Amino acid sequence: MSFDPRDAATVSAGLAIFNTPSLLGGQAAKAGLSCNSCHDNGRNNAQFRVEGLSSASGTADVTSSFFSILRSNKTYDPVEIPDLAHPGKVSRAPEDPALERLIRTLIVEEFAGKEPSAATLEALATYVRAIRECDGNPSQERRLKDQLHLIDAAIDGALAMHQKGDEEATKLLVRGARHQLGLIDERFSASRLVNERQLLLDASRRLQDMANTETGEVFSASLISWRADFKSGLALRLATKEHLSLYNPKKLETAFKRNARSAF
Ligand code: HEC
């Protein structure tokens, strides 16, 4: 397998796929989990805690039947989620395909996902090899710009995969961009942000339509113009309203308290 570590589009595609739940199958995808849910920013996730999967915060049992009946070892053995910026059990050497093999096993057997294309695996492995400590503090608050960055990465990745003729990876990346639009929508939940939510939905549907109906150069040109419109329009509008959304830590805290009260 050949890859160029300087290939920015491959790393972008890997980053976006790493954040896309539909890469995984079964319960993980249903629960909206992506690789990034456990390895936040490629690191670990001290906050990760899912009933039946975690013994303590920051742990997960990745051989749980919750994810895949195929490979469940029938025992409950959560381990600490490793920080992928640090050397682990599996070699990260570029010429060693062990990492690609591990990631394939994770997707297909651990998380009951569909067989990933070679380009999908290459992108994920390239991204994992590129994770460094400075890539982000896992405990940082989510900001709108994180989602905007991932949308950008997904579109870059989709363009590169489409160029390579890998339609499956292209579709996955379009779903990845739509997933990020959905995450913004969740945070823009205030009633006065109803127009922004409608525009998010429209942008997401437009992407879906393009991916379903367009091919070849037409599709590439549409992706490029979708992104230009998004950046010069909705993205700026969202930024001016970010303080009203749950990206604002104060609003998020109030919403948590409200939910906690209504749960009892
Ligand atoms: C439910 C949480 C969870 C999800 C989702 C998840 N992982 Fe992990 N990952 C773990 C845990 C826990 C381990 C440690 C397993 C062990 O040591 O037995 C691990 C180990 C790894 C390792 C090995 C690190 C080493 O030791 O060298 C890599 C690489 C990795 N994960 C990448 C991924 C990728 C890529 C995805 C998405 C396809 C993913 N993970 C999804 C929890 C998760």
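How many nonpolar, polar and charged residues does the shell around the ligand have? By class, 20 residues of this shell are nonpolar, three are polar and two are charged; here Ala, Val, Leu, Ile, Met, Phe, Trp, Tyr, Cys and Pro count as nonpolar, Asp, Glu, Lys and Arg as charged, and the others, Gly among them, as polar. The structure is a predicted model, in which local features need pLDDT of at least 70 and side-chain atom pairs count only at pLDDT 80 or more, whereas totals for chains, interfaces and linings use all residues. Residues are numbered from 1 along each chain as its sequence is written, and side-chain values use heavy atoms, with hydrogens and water left out.

The ligand is surrounded by 25 residues, a residue being near a molecule if one of its heavy atoms lies within 4 Å of it. Cys35, Cys38, His39, Lys89 and Val90 are the closest. A side-chain N or O atom of Lys89 is 2.4 Å from an oxygen atom of the ligand. Val90 places a backbone N or O atom 3.0 Å from an oxygen atom of the ligand, while a polar side-chain atom of His39 lies 3.0 Å from a ligand nitrogen atom. Helix 3 (35–38) and helix 4 (98–110) each supply at least two residues of the shell, helices being DSSP runs (H or I, at least four residues) numbered from the N terminus. Helix 4 provides the largest share, five residues.

The domain assignment, automatic or from a database, gives domain 1 (8–135) and domain 2 (144–262). Their centres, taken over C-alpha atoms, are separated by 23 Å. The contact (heavy atoms within 4.5 Å) takes 18 residues from domain 1 and 18 residues from domain 2. About 1,300 Å² is buried between the domains, 67% of it from carbon and sulfur atoms; buried area is the accessible area (1.4 Å probe) that two parts lose on being put together, summed over both. In domain 1, Asn19, Thr20 and Ala119 lose the most area to domain 2, together 25% of what that side buries.

Two salt bridges are counted between the domains, each a side-chain nitrogen of Lys or Arg within 4 Å of a carboxyl oxygen of Asp or Glu. A salt bridge joins the side chains of Glu122 and Lys164 (3.9 Å, N to O). On the side of domain 1 that touches domain 2, helix 1 (8–18) and helix 5 (118–130) each supply at least two residues. Helix 1 gives the most to this side, with six residues.

Methods: Polar contact = N/O pair within 3.5 Å; in protein donor to acceptor, adjacent residues only side chain to side chain.
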